[in-house]
Every structure is written in structure tokens, then in C-alpha cells.
Amino acid sequence: MNFALTKEQKMLQKSIRQYIKKKCPNSLVKELAASEKGYSPELWKEMAELGWMGLVFPDEYEGSNFSFFDLVLFFEEMGYNICPGPLFSTLVLSGLPILNYADNKLKSEILPQISTGEIILTMAVTEENADYIPSSIKTSAIKEGDEYIINGTKLFVNDAHVSDYILCVARTDETPNPEDGVTLFMVNAKTPGVEISLMKNVTLEKPCEVKFENVKVPAKNIIGKLNNGWMIVNDTIEKAALVKSAEMIGGARGTMDLALQYAKERVQFQRPIGSFQAVQQHFANMWLGINGCRDLVYLAASKTAKGEHAEKEIAMAKARTGKIFREVTTLGHQIFGAIGYTMEHDMHLYRRQALSGDITFGNTYSQLDKIAVSLGL
Amino acid sequence: MDFEFTEEELAFREEVENFARSEMPREIEEKAYLWPGGYGTLPIFEKEFEEFCRNFFLKLGKKGWLSLGWPEKYGGVNSIVKQAIVDDVLSYHRAPCAHAATSIVAPTLMRFGSDEMNNIWMPGIINGTTSFWLGYSEPDVGSDLGSVKTTAVKDGSEYVVNGQKIWSSGAHVTDYCWLLAKTDDSSKHKGMSLFIVDNNTPGVTIKPITNIAGIDSFNEVFFDDVRVPEKNLVGEKNNGFYYVMSALEHERIVIGFGTFRRILDELTQYVKEKKKAVGNTREYEEARNIIALMAIEVEVLKSFFWRTVWMMDNGHKANIEASALKLFCSELGVSLSNSAVDILGLYGQIDKGTKWTQFGGRAGIGYLDSISGPIGAGASEIQRVLIATRGLGLPRG
């Protein structure tokens with residue numbers, strides 16, 4: 001047993017924290033969130049130069065060779081000081097499945113471009129049913145010569161509007177078991193027939209509707225094997241749920257620290273409000289909620305990094321973290337009172353993050369089913 | 001980070017598991033309610049189990065399992081992890097594995113007691129013959145322990161104790177009192193001292209109180225001119241309050257973690273059997289969700305528990321974590337009992353020992369007993385204030 005992070009991991013955390021704090025202050029976060037693009041190309045380039053885009057890729061793909069556990073720590077810090085942009089979509093939703101399942105040719109073509117910050121990618125899974133189950137995949141890909149023709153509509157595809165490639169999850173066969181006929185395609189976003197529009201939303205994410213109308217994709221752009229795509233999607237969504245949990249922990253910590261500073265400074269009845277026990281109870285509950293989730297995330301990350309099956313642990317981490325992050329922002333707002341309810345203040349950034357984090361990759365209730373199954377229920 | 005036990009620890013776990021299977025009588029495992037996080041249904045505080053517990057502690061002493069976390073000099077191997085393994089595995093079987101002697105008295109003596117005192121008291125604690133109760137709370141002294149009114153006045157080579165203690169868990173089934181008494185009126189926190197008092201000293205009167213679950217687990221204890229030899233003063237005079245506070249983190253890792261796992265397992269089993277009997281009902285779907293939610297919380301407790309244990313084993317200060325552990329434990333005991341009665345419905349009210357008993361009759365008793373957790377041994381509100389002030393640096397009110 002060892003509950004300590006290594007010196008290198010602590011250094012990684014510190015450098016991310018310092019960099020984001022300096023380069024992406026909340027004034028910029030608000031500006032980026034309001035912009036159509038939703039990210040800063042200058043920061044994107046810089047982060048690539050720092051080696052963060054290829055964080056978990058090996059040297060041969062110009063990566064930085066960090067472990068999956070380190071990736072989890074990385075996103076925890078990215079949640080603490082928010083930095084909007086297609087980082088999650090590129091690194092987690094696309095980089096991981098390409099690294100783990102694509103053939104060597106595709107890997108050597110794509111991964112170095114991710115590492116150097118030249119391209120942005122995302123994955124298109126969800127459709128109208130807004131869930132992550134194989135029977136909901138109606139978008140079809142039909143073989144025609146050396147190509148596949150994709151038709152269908154994907155929803156909630158974050159960052160598709162700025163992506164160079166979209167990993168599209170499509171049905172390639174009607175099988176009794178719906179997961180046996182799903183394939184993952186890498187689609188160039190500029191291909192004729194791809195139509196992308198932003199979905200108007202209230203979080204800091206940039207979800208898109210992506211329409212595929214007779215979109216031609218070469219067969220060599222299949223990631224993994226034909227009809228074997230669901231396994232890849234499932235693995236990616238699980239890992240994404242875990243990394244998102246880490247990001248939410250960071251966000252919850254950020255919320256608590258923001259409120260803590262205020263509670264120490266804000267004076268009412270001639271004393272700092274943080275000296276009132278009613279306020280202290282709120283903070284203890286935040287601390288307890290956050291720290292209770294943190295080790296669930298680290299445990300799941302440690303198992304996943306070792307290549308062990310961690311479905312239950314990930315489900316537990318995601319189920320609880322989403323709930324806790326929302327609760328922590330509720331308490332944080334209670335500390336701030338009216339000022340936290342304004343656009344001018346920073347609290348709403350976390351409030352929004354808690355919503356998108358909780359509902360993406362399966363909310364609490366959808367995770368509970370997996371946990372019950374793992375208990376034999 | 002590494003969340004796994006070492007090979008050696010796993011082998012030790014196995015050894016404790018085998019011991020529990022052979023030494024813990026099935027009938028007591030069934031009979032003891034032992035609701036997780038509560039204080040009123042612990043077998044060590046019940047007359048009915050007194051003889052069994054005394055014998056069991058002797059066996060644990062023989063194994064060296066009461067002193068695992070302590071230095072070699074005191075019969076230990078310096079492994080709080082191993083001590084926690086004993087807590088985890090034995091409590092799953094509802095077996096006793098720790099009491100005030102091991103979780104409070106010994107850690108305090110080892111740190112602050114004189115060699116002479118330790119030579120007298122430590123051997124009996126290590127081999128499981130000596131048991132203690134904690135003489136802290138009084139009728140007017142609950143969370144504010146600094147206001148103790150019981151006095152100990154020096155008279156020759158003795159102290160004369162007068163006053164009353166209450167909510168004294170297990171005083172009626174143990175041998176000695178670990179007494180906090182006022183020795184200097186001119187100071188509050190720096191005017192208290194700790195003493196060891198034999199229950200059989202003239203002037204000590206112990207009267208059991210029946211708790212909400214119908215069990216005599218605690219007592220009121222009266223001290224009328226009780227004469228205590230000076231050599232029973234622990235450490236230095238007037239330092240008692242400090243000693244009491246210093247020992248808290250040791251007490252707080254004794255949580256009976258296995259009792260939580262046990263209730264979760266039994267509740268899961270209950271739901272599985274119910275499904276077999278009545279099929280896939282709406283209630284079953286709800287029970288599944290309730291159990292999944294509880295499984296997450298038990299997993300959280302698990303990491304709080306082992307992280308705190310690991311910290312203490314590696315010389316990190318863990319008082320915030322220990323407070324959080326105590327707080328989380330108590331609150332989880334309540335939510336588990338709420339979950340159990342939600343799942344059992346009408347059967348939730350039926351006690352053990354009838355032909356209609358389900359879930360060992362523990363749901364209703366757990367519902368009643370669990371409220372002791374957030375009240376006892378430092379109320380939840382107090383733990384939260386400690387986290388907020390000591391942990392997060394908020395100013396004291």
C-alpha cells in the first residue's frame with residue numbers, strides 16, 4: 001500500500017497548475033467559452049510544445065511517455081483551473097483509442113500530429129437516444145468498393161466544429177446482438193457530406209450536431225477491426241468517464257478553495273463568515289465529499305494503468321464524483337451569496353462544469369446499474 | 001500509488017480469516033447485532049457476551065494481535081496496517097478485536113506513561129487480560145470535555161475522587177476506569193489529569209443504562225470518596241486533557257470496517273433471495289439502486305480507512321483524516337440502516353429470533369442503534385468543525 005504520489009507526479013501537477021493559472025485566467029476562460037471556437041490556438045500550440053498533447057504516447061510518436069495514471073492527474077489539474085478547449089476530445093476520446101487499437105500505419109500518421117498540436121480530433125458516439133449503448137447506434141456505414149458510405153446524425157459531439165478528424169461510431173451490420181455490428185471510422189471532417197453545427201447550450205463545452213450524408217470514408221480508416229468497434233468505444237468511454245471524474249475532482253477542489261478564500265475574508269457581524277459553525281459544516285462536507293471521491297478515482301486509475309479490469313471502480317468513481325461536484329458547487333454558491341450568482345463572478349464556471357461533467361459518459365444513475373451488475377444483482 | 005496489500009499482508013489476512021472461522025462461534029456471530037458505526041450493539045459492551053469476549057481477548061493476546069501496531073518492546077511489530085487487517089477481518093465475523101485498553105489506554109501509556117507504570121499495565125493489555133472503560137463524559141459534560149467536574153484531590157500518597165460519569169460504555173463488563181478528573185480548579189484545560197481506577201475500589205458504583213436498542217451497553221458511574229493510589233496518575237499531573245486529545249486518532253481507526261462490508265453483503269444477499277422468490281419487481285429495481293449507492297459509500301469508507309492507516313503507519317500526522325474517518329463512519333452507519341429498512345419494508349420492524357425474522361433482525365435494531373454513531377465519541381458536528389478549522393484553516397468561532 002502506498003497512498004503517496006511520486007516526486008515526478010507532484011512536479012507534473014505543479015507545472016500544470018502554475019501554467020494554467022498564469023496562461024488561462026478566468027477572464028480568458030469566460031472569453032473562450034463565449035467565443036465560437038471555444039479555445040485559444042496560441043495556448044494549444046504552447047501546450048503541445050510542453051509535451052502535453054502527446055502526454056501518454058511513446059517516444060516514437062513524439063510523445064512524453066507518461067502513464068495513464070499521470071493522464072488522470074493531468075486532467076484533475078485541468079479541472080482545478082479551467083482551460084476550455086478540445087483537449088479532452090483530442091487526448092482522451094481520440095488519442096487513446098488510436099494509440100490502443102489503430103494499425104501502425106494510422107498511428108504513425110496521426111499520433112505525431114496530435115503530439116505536435118497540428119490536429120484536433122473528437123469522437124462521435126451518441127445519437128438521439130443520448131446514451132452509450134450499442135443498440136442506439138443507428139448511423140450506418142455501407143461498403144462500396146474500397147470505401148464506406150456513412151449516413152446518420154450524431155449529437156453531443158464535443159468540439160466537432162474545430163476538429164480535423166471525427167472518430168465516427170457507425171453500424172456496419174444488423175446483428176442479433178447490437179454490439180457485434182458496430183465499427184469505428186476515422187473521418188476527415190472536411191469530407192463532403194459532413195455538416196457540423198453547434199448545439200446551443202449552457203455549459204462551457206461545445207457540443208455539436210454532426211450530420212453525415214453519403215460521406216465516403218476509405219476502408220483503411222477503420223480503427224481496429226470491422227464490426228469490432230463497440231469494444232473500442234466501450235473501453236474509451238470507460239476511460240473517459242474516469243478521466244472526466246478526475247477533472248471534476250479538480251473542479252470541486254477549485255470550487256472549495258475559491259469559497260474558502262472568500263469565507264476567510266468576508267466579514268459579517270464583525271467576524272469572518274468562515275468562523276461561523278454553520279459555514280464550517282458546509283466546508284467539512286465539501287472536504288469529505290471531495291476526498292472520498294479522490295481515492296475512488298485514483299484506485300480506478302491505478303487498476304486501469306496496470307491493464308486490470310476496472311469497470312466497477314470506474315462506475316463508482318463517476319457515479320459519486322458527478323453528484324459530489326454538483327453538491328460542492330451548490331454549497332460554494334451558498335457561501336458566496338448573490339455575488340456568486342452573477343456572470344461577473346467565477347463561481348458559475350464551476351457550476352457549469354459540474355453539470356457537463358456529471359451528465360457526460362453516464363450520470364450517477366446510469367453507473368449504478370453497472371455497479372449492481374458487478375454485485376450479482 | 002499502490003492500493004494493494006503486500007504478499008505478506010495477504011498471507012496475514014488469510015491467517016486472521018482462518019482464525020475467525022475456527023474461533024468465532026457461529027451462534028455468537030448470528031446473535032450479536034453489531035450495527036456498523038454504532039456504539040450500542042457492540043458485543044464488548046454487553047453482559048451477555050462478557051465471558052465470551054474475555055476469553056476471545058485472551059486468544060487474541062496469545063496470538064499477539066492486540067499489540068500489532070506497537071513497538072517490539074510492547075509485543076508489537078510496528079504495523080498499523082496489520083492491526084487494521086485484524087479489525088477488518090474479525091469485525092466482519094462480528095468478533096471483538098479491540099477495546100478501550102488497546103485503542104486508547106495503551107497508545108497513551110506508551111507515549112506518556114512512566115516506565116514503572118507501563119511495566120505494571122502494558123503486559124495485561126498486551127495479553128488481553130486487562131480491560132478498561134473511558135471515564136470522560138459527565139451529566140453536564142458532553143462535547144465540551146474541558147468542563148469535567150469530577151474532582152481528584154491529593155491526600156497523602158493518594159487522590160480522593162468525587163463525582164459522576166455517565167454514558168460510560170462497558171463500565172459494567174470491564175475492570176478499570178480510565179478517568180479524566182479535575183486536579184486544578186484555577187485552570188480549565190490545564191487543570192485535568194488522567195487516572196487508572198479499579199472498578200472494585202470502595203466508593204465506585206456502576207449502574208447500567210438501557211439503550212434505545214434495549215441493550216445495557218452504557219452506565220452511570222458514581223465516585224464517592226474513592227481513594228486512588230498516586231502511582232495510578234498517568235503521566236504528569238494536569239496534563240490529562242492533552243493526553244486525551246492526543247490519543248484520539250488511535251481510537252478513530254478502530255472502526256470495525258468489516259461490519260460495513262458484512263451488512264452490505266447480507267443486504268445484497270437478501271435482495272438476491274427476494275428476487276428469486278418474487279421475481280423482478282419495481283421494488284427489486286429500487287433495491288438494486290440503493291445497494292449500488294451503498295456499495296460506493298462502503299468503497300469510500302474503505303479508502304478513507306486504509307489511507308488513514310497508511311498515513312499513521314508512515315509517520316504522517318493524520319488527525320484530520322482520523323476525524324473525517326470517524327465522521328464518515330458514523331454517517332454511513334445511519335445511511336446503511338436507512339437503506340436496510342427501505343429495502344425490508346414491513347419486515348424491517350421484526351427483531352431477531354422469530355420465524356418471521358429476516359436479515360438477522362438487524363434492520364430495525366440498526367435503525368435504532370445507528371443514531372449513536374453521530375452522537376458518540378465526538379459528535380459529527382464537532383468532527384466537521386475540526387476538519388474546517390484544523391484542516392482548512394477557518395478561524396475558530
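Colleague: Hi! Is B:R94 buried or exposed?
Modeller: B:R94 is buried, because 23 other C-beta atoms lie within 10 Å and 20 or more are enough to count as buried. Keep in mind that this is a predicted model.

Colleague: Thanks! Where is B:R94 found?
Modeller: Look in the loop between α4 and α5 (100-112) of chain B.

Colleague: And what is the phi of B:R94?
Modeller: About 60°, a positive value, although B:R94 is not a glycine. B:N78 also has a positive phi, near 60°, and is likewise a residue other than glycine.

Colleague: Oh, where is the place of B:N78?
Modeller: B:N78 sits in the loop between α3 (50-63) and α4 (80-92) of chain B.

Colleague: Why does B:N78 count as partly exposed?
Modeller: Because B:N78 has 14 C-beta neighbours inside 10 Å, and partly exposed is what lies between the exposed limit of 12 or fewer and the buried limit of 20 or more.

Colleague: Let's switch to helices. At what angle do α9 and α10 of chain B pack?
Modeller: Helix α9 (residues 257-278) and helix α10 (residues 282-313) of chain B pack at about 165°, and their axes are 10 Å apart. That makes the two roughly antiparallel, since angles over 145 degrees count that way. The crossing of α9(B) past α10(B) is left-handed.

Colleague: Which residues meet there?
Modeller: On the α9(B) side they include B:F257, B:F260, B:L264 and B:V271, and on the α10(B) side they include B:Y284, B:I291, B:M294 and B:F305. By type, the contact residues divide into 13 nonpolar, one polar and four charged.

Colleague: How about α9(B) and α11(B), how far apart are their axes?
Modeller: Their axes are 11 Å apart, and α9(B) packs with helix α11 (residues 319-344) of chain B at about 15°. The pair is therefore roughly parallel, and the crossing is left-handed.

Colleague: Which residues of α9(B) meet α11(B)?
Modeller: B:F260, B:I263, B:L267 and B:V271 do, and in α11(B) they meet B:L332, B:L336, B:S339, B:A340 and B:I343.

Colleague: Last topic, the core. How many residues does the largest nonpolar core have?
Modeller: It has 238 residues, and those with the most contacts inside it are A:F185, A:V297 and B:F195. Helix α7 (residues 229-265) of chain A gives the largest share of this core, 17 residues. In soluble globular proteins, nonpolar side chains tend to be buried together.

Colleague: What does B:F195 touch?
Modeller: Leaving aside residues up to four places away in sequence, B:F195 touches B:A152, B:Y159, B:L179, B:A181, B:V228, B:N232, B:L233 and B:V234.

Definitions and conventions
Residues are numbered from 1 along each chain as its sequence is written. Chains are lettered from A and ligands numbered from 1 in the order in which they are written. This is a predicted model: local features need pLDDT of at least 70, side-chain atom pairs count only at pLDDT 80 or more; totals for chains, interfaces and linings use all residues. Axes are lines fitted to C-alpha atoms, for helices over the stretch in contact, and angles run from 0 to 180 degrees between N-to-C directions. Helices (H or I, at least four residues) and strands (E, at least two) are DSSP runs, numbered from the N terminus. Angles under 35 degrees count as roughly parallel, over 145 as roughly antiparallel, 65 to 115 as roughly perpendicular and the rest as oblique. A crossing is left-handed if the near helix is turned anticlockwise from the far one by less than a right angle, and right-handed if clockwise. Two residues are in contact if their C-beta atoms, placed from the backbone, lie within 7 Å. Ala, Val, Leu, Ile, Met, Phe, Trp, Tyr, Cys and Pro count as nonpolar, Asp, Glu, Lys and Arg as charged, and the others, Gly among them, as polar. A nonpolar core is a set of buried Ala, Val, Leu, Ile, Met, Phe, Trp, Tyr and Cys residues joined through C-beta atoms within 7 Å.
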